[in-house]
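Dear colleague,

I am passing on a structure that you have not worked with before. Please look through it first, and then read the notes below, which go through what was found.

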Amino acid sequence: MVGLCCALAACGDGSGDRVVADNRQEPETGATAQVSKLDDGLRNGVFEKAIRASGAACPSVTASERAEISPGVRGWKAQCDNGSAHLIQILSDGTAKVTSRTH
């Protein structure tokens with residue numbers, strides 16, 4: 001029991017480790033990596049479908065570029081021809097998280 005308490009005490013609160021982990025970007029895997037490798041036209045088509053599935057209007061994605069969605073989380077910014085813009089994160093399982101900007 002004393003050994004376990006000493007081992008836990010030596011770990012500290014872990015906040016120093018957490019800061020390092022928060023600033024690190026994980027390698028892309030699964031669907032995330034596949035979308036990253038698509039040419040612009042195909043990738044924009046994927047983004048159009050994801051944006052529409054989220055309930056937002058987007059007749060056509062005219063441009064997309066890499067963007068940091070939140071600290072350490074990479075995704076894309078997609079611009080639609082109706083003037084709307086959306087942040088898109090593709091998870092490794094293929095799920096898309098879409099955050100739409102409203103005017």
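**The sheet, its helix and the core**

Strand β3 and strand β4 (residues 96–100) pair in the antiparallel sense over 5 bridges, where two strands count as paired if DSSP finds at least two bridges between them, and where strands (E, at least two residues) and helices (H or I, at least four) are DSSP runs numbered from the N terminus. Please bear in mind that this is a predicted model, in which local features need pLDDT of at least 70 and side-chain atom pairs count only at pLDDT 80 or more, while totals for chains, interfaces and linings use all residues. Residues are numbered from 1 along each chain as its sequence is written, and side-chain values use heavy atoms, with hydrogens and water left out.

Within this pairing, Q89 has K97 as its bridge partner in β4, and I88 has V98. The two strands form a hairpin with 5 residues between them, and G94 in the turn has a positive phi of about 100°.

The largest nonpolar core has 11 residues, among them A31, F47, W76 and I88. Such a core is a set of buried Ala, Val, Leu, Ile, Met, Phe, Trp, Tyr and Cys residues joined through side-chain atoms within 4.5 Å, buried meaning under 20% relative accessible area with a 1.4 Å probe, protein chains only. The elements giving two or more residues to this core are α3 (30–37), α4 (40–53), β2 (73–80) and β3 (85–90), and β2 provides the largest share, 3 residues.

A search of the whole structure finds 1 aromatic pair. The rings of F47 and W76 have centres 5.3 Å apart and planes at 50°, so the pair is tilted (centres within 6.5 Å; planes under 30 degrees apart are stacked, over 60 edge-to-face, the rest tilted; for Trp the six-membered ring is used).

With kind regards

Technical notes
Buried < 20%, exposed > 50% of the residue type's maximum accessible area, 1.4 Å probe, protein only.
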